[in-house]
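Trainee: I have a chain open here and would like to go through it with you. Could we begin with the terms and then move on to the details?

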Amino acid sequence: MRFYRLLQIRAEALLAAGSHVIILGDLNTAHQPIDHWDAANLECFEEDPGRKWMDDLLSNLGCEAGSHVGPFVDSYRCFHPKREGAFTCWSVITGARHLNYGSRLDYVLGDRTLVIDTFQASFLLPEVMGSDHCPVGAILSVSSVPAKQCPPLCTRFLPEFAGTQLKILRFLVPLEQDPVLEKSVHSIQKALSCKNKVRVRSTRSRPTQADSSRGQKNLKSYFQPSSSHPQASPDLELPSLPGALVTPKTLEEEMMDKVVEEQTKASEAKDEKEVQTSFWKSMLGGPLPTPLCGGHKEPCVMRTVKKPGPNLGRHFYMCARPQGPPTDPSSRCNFFLWSRPS
């Protein structure tokens, strides 16, 4: 309300000085019941202080000479006095824009003489997305008049904008250091650099004469046989059993044995994984199915309580449809269910 009063004092002062005034933007108040989606209780609706202020500021609907009350005119209602559903703001959380369940909070207000003489149209652009508000505008029949100098109320004359435009180099100031401090920092950095060089040199091992004589190692020399599985020495002979004939396996037979062994291991691992999966499935039932709302029998959506109180942070289920008029069957129903007991 303080903002409203200051805005009105400033606008009326400009009018008294002989200027025309346009107030454009979000006033955050729905003026009349036709500008709000839910104005069932008219008595409480009209008692709002913001609406009372707008009643005193604005003229009656229409542009007739006998309807003057306030110094300003709502240009949209001047051209569209009875149009319903002309909203400019919707709740993003409830998805109310899909069903045009909103309010008209954005205005193009002009002084009465200016609106009657120069305004040709006033419009809303609800199809333009990007915010919880939509753009509003008006068309005026005016011509540009050149001026020799800027108006006294131009923004460039305000104290905060009176200086020249700042460049980015103005924000990059070179740091001035004490010569003694700078010298000490340089000596510390030099000492650390020498220390690191000594450390690197000490960690390097010089190659011995034996290593240099061996030459470059083969890649296979890095793969040593495991100590747990000692290989048989080629010099040892297999014990011969009476009546037994040992025949060496061919390469194909060895490959077949390896394939069979790998398939056996894979099958055992798969069986073990299936056993573990069935065990955990029997222990953990998984998340509960999403409940269905009572009005549409559709899956609900989970929300979190953000209002301070004993239920802060609790989860609950509600209808997933967007908010809309209660008489619209396609709008959200009143289903509510806590996700877990308190």
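Mentor: Let us settle the wording for accessibility before anything else: a residue is called exposed when its relative accessible area is over 50%, buried when it is under 20%, and partly exposed in between. Please also keep in mind that this is a predicted model.

Trainee: Fine. How many helices and strands are there in the protein chain?

Mentor: The protein chain holds eight helices and 10 strands. Of its 342 residues, 22% count as buried, and among the contacts with a separation of 6 or more, 53% come from residues 24 or more positions apart.

Trainee: Which residues of α1 are buried?

Mentor: Tyr4, Gln8 and Ala11 are the buried residues of α1. They cover an arc of only 70° around the axis, which puts them on the same side of the helix.

Trainee: Why do residues three or four places apart point the same way in an α-helix?

Mentor: An α-helix has 3.6 residues a turn, so residues three or four places apart point the same way.

Trainee: And what is on the other side of α1?

Mentor: There you find Arg2, Phe3, Leu6, Ile9 and Ala16, which are exposed. The buried residues, by contrast, pack against strand β1 (22-26), helix α3 (49-57) and strand β2 (72-74).

Trainee: What comes just after α1?

Mentor: Just after α1 there is Gly18, which takes a positive phi of about 95°.

Trainee: Which residues other than glycine have a positive phi?

Mentor: Asn28 is one of them, with phi near 65°, and Asn100 is another, with a positive phi of about 55°. As background, most residues other than glycine have a negative phi.

Trainee: Where do those two sit, and are they buried or exposed?

Mentor: Asn28 lies in the loop between β1 and α2 (42-46), and at 55% relative accessibility Asn28 counts as exposed. Asn100 is found in the loop between β3 (89-90) and β4 (102-103), and at 32% relative accessibility Asn100 counts as partly exposed.

Trainee: Changing topic, where is Arg104, and is it buried or exposed?

Mentor: Arg104 has its place in the loop between β4 and β5 (106-111), and with a relative accessible area of 1% Arg104 is buried.

Trainee: What does the side chain of Arg104 make a polar contact with?

Mentor: The side chain of Arg104 makes a polar contact with the side chain of Asp74, at 2.5 Å. Leaving aside residues up to four places away in sequence, Arg104 also touches several others, including Thr29, Asp35, Tyr76, Phe87 and Leu124.

Trainee: And Ser75, where does that lie?

Mentor: Ser75 lies in helix α4, which covers residues 75-79, and at 0% relative accessibility Ser75 counts as buried. A polar atom of the Ser75 side chain lies 2.6 Å from the backbone oxygen of Val108. Not counting residues up to four places away in sequence, Ser75 touches Val108, Phe119 and Ser122.

Trainee: How far apart are the C-alpha atoms of Ser75 and Phe123?

Mentor: The two C-alpha atoms are separated by 8.8 Å, while the residues are 48 apart along the chain.

Trainee: Last topic: in what order do the strands of the open sheet run?

Mentor: Three strands form that open sheet, in the order β8-β9-β10, and the pairing is antiparallel. Its edge strands, each pairing on one side only, are β8 (301-304) and β10 (336-338). Neighbouring strands in this sheet are turned by 35° against each other on average, with direction ignored.

Trainee: How many bridges join β9 to β10?

Mentor: Strand β9, residues 315-318, is joined to β10 by three bridges, with the two strands running antiparallel, and Met318 stands opposite Phe336 in β10.

Notes. Residues are numbered from 1 along each chain as its sequence is written. This is a predicted model: local features need pLDDT of at least 70, side-chain atom pairs count only at pLDDT 80 or more; totals for chains, interfaces and linings use all residues. Side-chain values use heavy atoms; hydrogens and water are left out. Two strands pair if DSSP finds at least two bridges between them. Helices (H or I, at least four residues) and strands (E, at least two) are DSSP runs, numbered from the N terminus. Axes are lines fitted to C-alpha atoms, for helices over the stretch in contact, and angles run from 0 to 180 degrees between N-to-C directions. Buried means under 20% relative accessible area, exposed over 50%, partly exposed in between (1.4 Å probe, protein chains only). The arc is that of the directions from the helix axis to the C-beta atoms. Contact means heavy atoms within 4.5 Å. A polar contact is a pair of N or O atoms within 3.5 Å; within protein, one must be able to donate a hydrogen and the other to accept it, and residues adjacent in sequence count only if both atoms are side-chain atoms.
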